[in-house]
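User: I am new to this structure and would like to go through it by question and answer. Please show it first.

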Amino acid sequence: MAAARRIVVKVGSSSLTTAAGGLDADRVDALVDVVAKALEGDGGDRETAGDGKEMVLVSSGAIAAGLAPLGLDRRPRDLARQQAAASVGQGLLVARYTASFARYGRRVGQVLLTTDDTSRRAHYRNATRTLDQLLAMGALPIVNENDTVATDEIRFGDNDRLAALVAHLVRADLLVLLSDVDGLYDGDPRSPGTSRIDEVRGPKDLDGVSIGSAGRSGVGTGGMVTKVEAARIAAAAGVPVVLTSASRAGDALLGRRTGTYFHRTGRRSANRLLWLAHASAPRGALVLDDGAVRAVVERRTSLLPAGIASVEGEFTAGDPVELRDTAGRAVARGLVNFDAKEIPRLLGRSTRELARELGPAYEREVVHRDDLVVLDR
């Protein structure tokens, strides 16, 4: 932890706003104080000096910040009013961060993402380039989901999963997830007899652990379930994770023992397929015959028309789709090269036959292996 140089910090709505909605300037300033001091190495320990540290802040709070200004007494259930609250609140949130970091001479940059910005190849490169350039120029990126236009993404898990994927995107050395409680407990932390889990080395360490699913503040959408899932995603992508409370963020950023530490379980990779697996919302499905399932899952080949048994849903070329076996189990996910309405006439046919009958544009994969990720089974 102390050696981490590029750190992604995720903070939730409950740590930045009042229970009634609206930004709490004191809470924002307190978080900024901790981040700025960690960047400056002002923690009292020589070995945790902040020289060379870079940070990315993944911040929830846009919808919650917009509630009070719009006269809403609670988070709305309908999508349109959530989007309206996000539109008002996002500007207030970034303005507050800008003013607060200015006290330390730090510049910030707003980055709003959707799943399309990261699962599609060109968009992924653009997002990576923007974040890298902001860091290179000494600015601190503040990332949020683009809730103003999000639909399914607006229920992304209170940005916990987004933070894990951003940590992968920027090749972070550490992900810090800030919660209402000071770590992961083996039961309800408010109940007698429960204890904090200090380290998680793999999924087996969580066998039999009861994880709560809802936050206590009423202004966010996440809970401990989404944080543990985010930690699992990041750890599998080679990024260790610290889960602790916002009040102990300073300890985590300065490399001191705090909260629950999730050891990395996988190797670091530099491709966008992690986003395709965990961030994309499938628009439909392709059902594969047994031979195609073996080819995709075991040999990691592209999906050709000859191996498709049926098509489900409505989608257009470039959309994410699930690849399922004949029992209905999802085995992979990929970006499709054809509209749903085109695929029925391709089923079971070779690309050479299709090219002769329909033209050279049909002599290609339905899902290219570079746009395909095999799912855990």
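User: Which strands do the buried residues of helix α10 pack against?

Analyst: This is a predicted model. In helix α10, residues 290-297, the buried residues are Ala292, Val293, Ala295, Val296 and Val297. They pack against β11 (284-288), β13 (320-324), β14 (330-335) and β15 (372-374).

User: Which strands stand at the edges of the open sheet of eight strands?

Analyst: The open sheet has mixed pairing and the order β3-β4-β2-β1-β5-β9-β10-β8. Two of its strands have a single partner strand each, so one side of each is left without a neighbour in the sheet. The edge strands are β3 (108-113) and β8 (199-200).

User: What angle does the direction of helix α3 make with that of β3?

Analyst: β3 pairs with β4 (residues 140-145) in the parallel sense over six bridges. Helix α3, residues 79-102, packs on the sheet and touches β1, β2, β3 and β4. Its direction and that of β3 make an angle of about 155°.

User: How many residues apart are Lys10 and Asp160?

Analyst: Lys10 and Asp160 form a salt bridge, with the closest N and O atoms 3.1 Å apart. Both residues are buried. Lys10 lies in strand β1 and Asp160 in helix α6 (residues 160-169), so the pair links distant parts of the chain, 150 residues apart.

User: Is Arg248 buried or partly exposed?

Analyst: Arg248 meets Asp182 in a salt bridge of 3.6 Å, N to O. Asp182 is buried, with a relative accessible area of 16%. Buried means under 20%, and the value for Arg248 is 36%, so Arg248 is partly exposed.

Methods:
Residues numbered from 1 in each chain as written. Predicted model: local features only at pLDDT ≥ 70, side-chain atom pairs only at ≥ 80, totals over all residues. Heavy atoms only, no water. Buried < 20%, exposed > 50% of the residue type's maximum accessible area, 1.4 Å probe, protein only. Helix = DSSP H or I, 4+ residues; strand = E, 2+ residues; numbered from the N terminus. Contact = heavy atoms within 4.5 Å. Pairing = 2+ DSSP bridges. Axes fitted to C-alpha atoms, helices over the stretch in contact; angles between N-to-C directions. Salt bridge = Lys/Arg side-chain N within 4 Å of Asp/Glu carboxyl O.
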